[in-house]
Structures are given as structure tokens and as C-alpha cells.
Amino acid sequence: MDKLKITGGRALEGEVRVSGAKNAALPILCAALLTAKPLTVTNVPRLRDVSTMAKLLGEMGVAVERSEGRVVLHAPTIKDPTASYELVKTMRASVLVLGPLLARCGEAKVSLPGGCAIGARPVDQHVKGLEAMGATIAVEHGYMHASAKRLRGARIVMDLVTVTGTENLMMAAALAEGETLLENAAREPEVVDLARCLIAMGAKIEGAGSDRIRIQGVRSLGGAAHRVMPDRIETGTYLAATAAAGGKVRLTGAAPDSLDATLDKLREAGAKVSTTEDTIEIEMTGRPGAVSVRTAPYPGFATDMQAQFMALATVARGTALITETIFENRFMHALEMQRLGAEIRLEGNTAVVNGVERLQGATVMATDLRASAGLVIAGLVADGETVVDRIYHLDRGYEALE
Ligand code: UD1
């Protein structure tokens, strides 16, 4: 499917079961590279990125069996520690194989990710950390060639907070000799979920969820069974959609604890939100109030929720400031929302959004995964029909948003 047609103006009603988190599942699948024993992962979302990761691991010689949300991975040996450009260019998270391959095989050849629609996304912190652990990494013909006899534990202070950087180094350190201390580590719940999986495999890790993670390397890791945490971005997307369009929606299988910043902002917009341990109910009547957000590393407001909250702001009462601090060039959806009649002015990394009563349906173009979600929400609050083109981006992160 290439286009999504939305008839706007209807309130949302119903119950949705949230999927497993894509951003937790991807690193957890890579953890299978660290052990010769089988790793069973459940609550795995059915997404294109997961298929891409399965294919990538398969090319390295990992046996991958998939059935209904369950993936069993088994890598008695690694046939070829290479991640080709063909796959890496379609999914940046492929770089997550670098640390595990290096730790397990002593070598890895991983394509540089290259440009990406939401701005430059370098991997210098991944490289710097692995070098501190004794790896030699050379870049030739667009590939990182990494080698190390056995990685050694090290104290690594990361220059900035990076999610996949933290995950890559945590996996590498799990099999390194001695202790690794990761300072200024990412505190995202997905990092904690990966740590839980690694610990179940026999890794010695303390402090995941704080900015200081201590890893005592072990000789080898075993198999384990791990259930992926619920997707907090998918959850937040449905909540923002309901806050924008109005209605009453119940989400089950969710992790409200991982969504504090989003839930606060929804309440500020006037939504009634109630939670239990694993459900969230949202009810919205009337136009939302304008809420400003500023993206930041967890527990701050997630950059992956920025486009959805911009959509909410387009129909809010008043003016909202949406500030993006994580990625440059992550406002492409703003220009498309303008085509729907949104009043948005871009000033550097801030979008000044004057809420209007309703948007007007039109054809718009999706540019990346979360931008697509923002445009779908905008379509829900636009009069008449909105067509979102290039909607295939959505399949990378949502099982069946429509
Ligand atoms: C992860 C998420 C993505 C989310 C992002 C920020 C996965 C698979 N993806 O992406 O959905 O939008 O976190 O929450 O989990 N940076 C460097 N050098 C590095 C690494 C990163 O300068 O070596 C910079 C990036 O350019 C960016 C910032 O750090 O400005 C955050 O990047 P990072 O957290 O690494 O994002 P991803 O892990 O790619």
C-alpha cells in the first residue's frame, strides 16, 4: 500500500492492544549474536524493520525462526560478520550488530549508515567507545572494518546521549575482559529492556536506566527467553490522535510508566487520562489546549513523539512552541501540515504553531516514519479527504495504524 486515504472529522472510539516496542526488539534480536545458545524473543512486532534485522542476522549465519510475534534465534557459529550497505542503508539500527560481532568474533565489517531523512546521524560515539575497549576501526570504501583480539573493559564517557550507541557498547562490554563503565549513558526504557535480556543470558550489568551503567564482562553468555516491552511511541501516537480528534480510547498491553512526559502533556492539553499497570484510557472533548514541547533524551519528551504533537498543536486553542533538540531537519512534516492549512512558522529548531479550528483535507507526502504518523493525525482533524502519499514509511514502525 502506497497511499492512505483519511476522512477527517470523526471522533475516535475503541480499544487497541499495543505491540511490542520496535526500538527494544531491534537491539534484543542483535543480542543473539553474543551467544551460541538459542535466544527466544516474544512480543516482537510484525514490522518491516524487524524483517530487515532478521534478514541481516540471517546473512551472518544466525538461524531465525519466526512465528506470530515470537522469534527464535540461534547462532552456534557466525559465518560472516558483515553488514552490507544494501541492508544498512534501509535501516540505521543495523549498526547495532557492530558491538556484538566484535565481541563474539573479534572482527566485524559494517557499512556506514549514510545520510538519513531526518538529518546527519553519525556513529562516532559507537566507534569511540569500542576503540576505548581496544578495538581498531578503519573506514574503507564506506565500511567500518573493526577488529580486536578480545575487547577490554574501559571507562567511557559519551559526549552526548545516544540510544543505539549505549546499546552497542553495553552488548560489546558484556563479553569484554574486565569492567566497563558507561558514563552519560542513555536512560531510555529500551536500554533497560535490552539490559534485562542480557542479564537473563548471564551478563553482569548494573545501573541500566541511569546515566551510569556498570558491566562486568563474562567469558560467554547463554540462551534465554525474553518478552519485549510495549511500544511507548505507538502508544503515544494513539493517545495524541485521540487528543486531537476527540473521543474515548482504551489501550491495553501498554507500559504507562514509560510515558510520563507524554501523559503530562496530554493532560495539559485537556485530555482526561487514567492508567493502571498496563492500560491507559484517554477521553477528550472539545478542542485541545495549546501545549509546547521540547524534545530531550529520556525521561524528557521523546523526539519520536514530536510530529504527533505538532499535529495536535495545529488545531489547539492558542499558540504552541515545538522545539526539536535531538535531530536537525526533523520538521519536514511541518511543511506538509501547512498544505492542510496549518499555521506553522519555522524559526531555527522551533516551530511556532498557531492553532486553527480545523485543517482542510489535501494530498500530502510522508517523509519518514514519525512524520507519517503526524500526517495521519492531521488528516483525522482535517475537513474532507486527506491522502497521505508514501505511506510505506509507516510500516517500519506500526503494525496496522490504519
Ligand atoms: C534512537 C531510536 C530513534 C530515536 C532516537 C532518539 C532506535 C532503533 N532508534 O535512534 O527512534 O529517534 O534514538 O531518541 O532505538 N549522535 C552522534 N554520534 C553518535 C550517535 C548519535 O552525534 O555516535 C547524535 C545523533 O546525531 C543525534 C543524537 O546523537 O543527534 C541522538 O542519536 P541516537 O540516540 O544515537 O539515535 P539513534 O540511536 O539513531
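Helices here are DSSP runs of H or I, at least four residues long, numbered from the N terminus. The model is predicted: local features need pLDDT of at least 70 and side-chain atom pairs count only at pLDDT 80 or more, while totals for chains, interfaces and linings use all residues. Residues are numbered from 1 along each chain as its sequence is written, and side-chain values use heavy atoms, without hydrogens and water.

**Stop one: the ligand.** Select H5 (124-132) and H6 (163-174). Each helix supplies at least two residues of the shell around the ligand. H5 gives the largest share, 3 residues. The shell holds 20 residues (a heavy atom within 4 Å of the ligand). Asp124, Gln125, Thr164, Asp304 and Ile326 are the closest.

**Stop two: polar contacts (N or O pairs within 3.5 Å).** Show Asp304: a polar side-chain atom sits 2.6 Å from a ligand oxygen. At Ile326, a backbone N or O atom is 2.6 Å from a ligand oxygen.

**Stop three: H10.** Select 306-314. Phe309 and Met310 are among them.

**Stop four: the cores.** A nonpolar core joins buried Ala, Val, Leu, Ile, Met, Phe, Trp, Tyr and Cys residues through side-chain atoms within 4.5 Å. The largest has 78 residues; Val97, Met170 and Leu198 touch the most other members. Another core, of 63 residues, lies apart from it and includes Leu312, Ala313, Ala342 and Val388.

Definitions and conventions
Buried < 20%, exposed > 50% of the residue type's maximum accessible area, 1.4 Å probe, protein only. Polar contact = N/O pair within 3.5 Å; in protein donor to acceptor, adjacent residues only side chain to side chain.
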